[in-house]
Amino acid sequence: MASLQRTLVNLEMLSDDINALHVDALNTHAHIKLLHNVLNELKNAEQFVALETEASFQKSLSGSLFENIFERKRMVGVYIKLVGYVITAWEATNKANAIISENFDSSADKRLELLQVKAIKAKSQLKTVASAMGKEDYAKFVQTLGLSAQEWQWDTLRARF
């Protein structure tokens, strides 16, 4: 249980770090690096959560930032998927934008197409999981991880992909 507690504290600190970022630092390399750290901690938490009962898991969350977020053990796995999709979409989009603006050569068309398809697929998967979890739970996810950009908002996600 101590390791789960430690992981939860790490997740809380990462969430605080993300939400402490200046508005100009959101949706930047620093933000995505923090999201990678969140993903790693969530994967660590998943190992510990598997050993817990629902009741012991809820008891360990008592007083935590994640008490109302991880209402069931399986939400840790859902968050792993969501964060992974956000990171994949974000990185693919950034690489595609870099190709368009700086590195357009003879093989750029194929690379650009592959990256755009990868980003669209990740956002589509994000929409599927977000739709299954519902608007309220998705809003908690977005707020916890500082995903304030319009592309991550519920209405935009539901309308586009």
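The side chains of Lys-140 and Glu-71 meet in a salt bridge, with 3.0 Å from N to O; a salt bridge here is a side-chain nitrogen of Lys or Arg within 4 Å of a carboxyl oxygen of Asp or Glu. Lys-140 lies in helix H6 and Glu-71 in the loop between H3 and H4, so the pair ties together parts that are 69 residues apart in sequence. Helices are DSSP runs of H or I with at least four residues, numbered from the N terminus. This is a predicted model, in which local features need pLDDT of at least 70 and side-chain atom pairs count only at pLDDT 80 or more, while totals for chains, interfaces and linings use all residues. Residues are numbered from 1 along each chain as its sequence is written, and side-chain values use heavy atoms, with hydrogens and water left out.

Lys-140 also forms a salt bridge with Asp-137, at 3.6 Å from N to O. Being 3 residues apart in helix H6, Lys-140 and Asp-137 are separated by about one helical turn. Asp-137, at 18%, counts as buried. Buried means under 20% relative accessible area, exposed over 50%, and partly exposed in between, with a 1.4 Å probe and protein chains only.

The structure holds 3 salt bridges. One of them joins Glu-151 to Lys-123, the closest N and O atoms being 2.7 Å apart. This pair links distant parts of the chain, with Glu-151 in the loop between H6 and H7 and Lys-123 in helix H5, 28 residues apart. Glu-151 is partly exposed at 26% relative accessibility, whereas Lys-123 is buried at 10%. The charged end of Lys-123 also sits over the ring of Trp-152, 5.7 Å from its centre; the criterion is that NZ of Lys or CZ of Arg is within 6 Å of the ring centre and within 35 degrees of the ring normal.

H5 has 26 residues and reaches 37 Å from its first C-alpha to its last, close to the 38 Å expected at 1.5 Å a residue; the expected span is 1.5 Å times one less than the number of residues. Among the buried residues of H5 are Leu-112, Leu-115, Lys-123, Leu-126 and Ala-130. Ala-130 has 0% relative accessibility. Apart from residues up to four places away in sequence, Ala-130 touches Leu-82, Tyr-138, Trp-154 and Leu-157, where contact means heavy atoms within 4.5 Å. The C-alpha atoms of Ala-130 and Val-78 are separated by 9.1 Å, although these residues are 52 apart along the chain. After H5 comes Gly-134, whose phi is positive, near 95 degrees.

In soluble globular proteins, nonpolar side chains tend to be buried together. In this model, the largest nonpolar core has 44 residues, and those with the most contacts inside it are Leu-42, Phe-70, Tyr-138, Phe-141, Leu-147 and Trp-152. Such a core is a set of buried Ala, Val, Leu, Ile, Met, Phe, Trp, Tyr and Cys residues joined through side-chain atoms within 4.5 Å. Helices H1, H2, H3, H4, H5, H6 and H7 each supply at least two residues of this core, and the largest share, 12 residues, comes from H4. A second, separate core of 7 residues includes Ala-92, Ala-96, Leu-112 and Leu-115.

Aromatic rings also pair in this structure, and a search of the whole of it finds 6 aromatic pairs. Rings of Phe, Tyr and Trp (its six-membered ring) pair if their centres lie within 6.5 Å; planes under 30 degrees apart count as stacked, over 60 as edge-to-face and the rest as tilted. Phe-66 and Phe-70 are stacked, at 5.1 Å centre to centre and 10 degrees between the planes. The rings of Phe-70 and Tyr-79 have their centres 5.2 Å apart and their planes at 85 degrees, so this pair is edge-to-face. Phe-70 is buried at 1% relative accessible area, and Tyr-79 is buried at 2%. One aromatic cluster is formed by Phe-66, Phe-70, Tyr-79, Tyr-138, Phe-141 and Trp-154.
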